[in-house]
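The sequence and the model are shown first.

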Amino acid sequence: MWTIAAPELAAVPPRSTAGIFKALWDSIAATLRKVRVQKKPRALRLEETLPLGERRFLAVVRWRNEKLLIGVTPQTISLLGAPSNLEPSPGFAWEEDRSE
C-alpha cells in the first residue's frame with residue numbers, strides 16, 4: 001500500500017471522480033492500442049466448391065499444401081481425389097485443362 005506524507009499530499013492537485021475515471025480509461029485505452037492479435041495460420045482451407053444440386057457439392061480443399069477433391073452429400077463425405085504419398089502430385093486433370 002502506498003503512503004504519502006502530509007507535505008506531499010498538499011502538492012497533489014485534487015481530482016474529481018470523473019477525472020480519475022477518465023485518466024484510468026485513457027491509460028487502459030492506450031494499453032489496448034498496443035495489443036496486436038495475430039490469427040493462427042490455418043492448415044485446412046476451402047479453395048473452391050461446385051454445387052451439384054439437392055444439397056450435394058464437390059469441394060477442393062487444401063490441407064498441408066496438398067489439394068484434395070471431396071464429394072459431399074447429406075448422408076456422406078467422400079474423398080474422391082488425393083495426391084499419392086509416394087510421388088509428387090502433378091495436380092488434377094481439370095487444373096491442367098483450365099490453365100490452357
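Among contacts in the protein between residues at least 6 apart in sequence, what percentage join residues at least 24 apart? The share is 6%. The model is predicted, and the values below are computed from it.

**Overall layout**

The protein contains 3 helices and 4 strands. Along the sequence they follow the order α-α-β-β-β-β-α. Of its 100 residues, 12% count as buried.

**The S3-S4 hairpin**

Strand S3, residues 66-72, pairs with strand S4, residues 77-81, in the antiparallel sense over 4 bridges. The two strands form a hairpin, with 4 residues between them. Within this pairing, Gly71 has Ser78 in S4 as its bridge partner.

**The nonpolar core**

The largest nonpolar core is made of 5 residues, namely Ala59, Val61, Leu68, Ile70 and Val72. Strand S2 (56-63) and S3 are the elements that give two or more residues to this core. S3 gives the most, with 3 residues.

| Residue | Residues touched |
|---|---|
| Val72 | Arg55, Arg56, Phe57 and Ile77 |
| Leu79 | Leu68, Leu69 and Ile70 |

Val72 belongs to the core, and Ile77 is one of the residues that Val72 touches. Leu79 lies in strand S4 and touches residues including Leu68 and Ile70, which are both members of the core. Is Leu79 itself buried or exposed? Leu79 counts as exposed because its relative accessible area is 54%, and the cut-off for exposed is over 50%. From Leu79 to Ala59 the C-alpha to C-alpha distance is 9.8 Å, with the two residues 20 apart in sequence.

As background to the strands, side chains in a regular strand alternate between the two faces of the sheet.

**A nonpolar surface patch**

Which residues make the nonpolar surface patch of about 630 Å²? Phe21, Leu24, Ile28, Leu32, Val35 and Val37 make this patch. Leu32 lies in helix H2, which spans residues 17-33. With a relative accessibility of 58%, Leu32 counts as exposed.

Key
Residues are numbered from 1 along each chain as its sequence is written. This is a predicted model: local features need pLDDT of at least 70, side-chain atom pairs count only at pLDDT 80 or more; totals for chains, interfaces and linings use all residues. Side-chain values use heavy atoms; hydrogens and water are left out. Patches are made of residues with over 30% relative accessible area and no salt bridge: like charges are joined within 9 Å, nonpolar side chains (Val, Leu, Ile, Met, Phe, Trp, Tyr) within 5 Å. Accessible areas come from the Shrake-Rupley method with a 1.4 Å probe; for residues, only the protein chains shown count as cover. A salt bridge is a side-chain nitrogen of Lys or Arg within 4 Å of a carboxyl oxygen of Asp or Glu. Buried means under 20% relative accessible area, exposed over 50%, partly exposed in between (1.4 Å probe, protein chains only). Two strands pair if DSSP finds at least two bridges between them. Contact means heavy atoms within 4.5 Å. A nonpolar core is a set of buried Ala, Val, Leu, Ile, Met, Phe, Trp, Tyr and Cys residues joined through side-chain atoms within 4.5 Å. Lists of a residue's contacts leave out its neighbours within four places in sequence.
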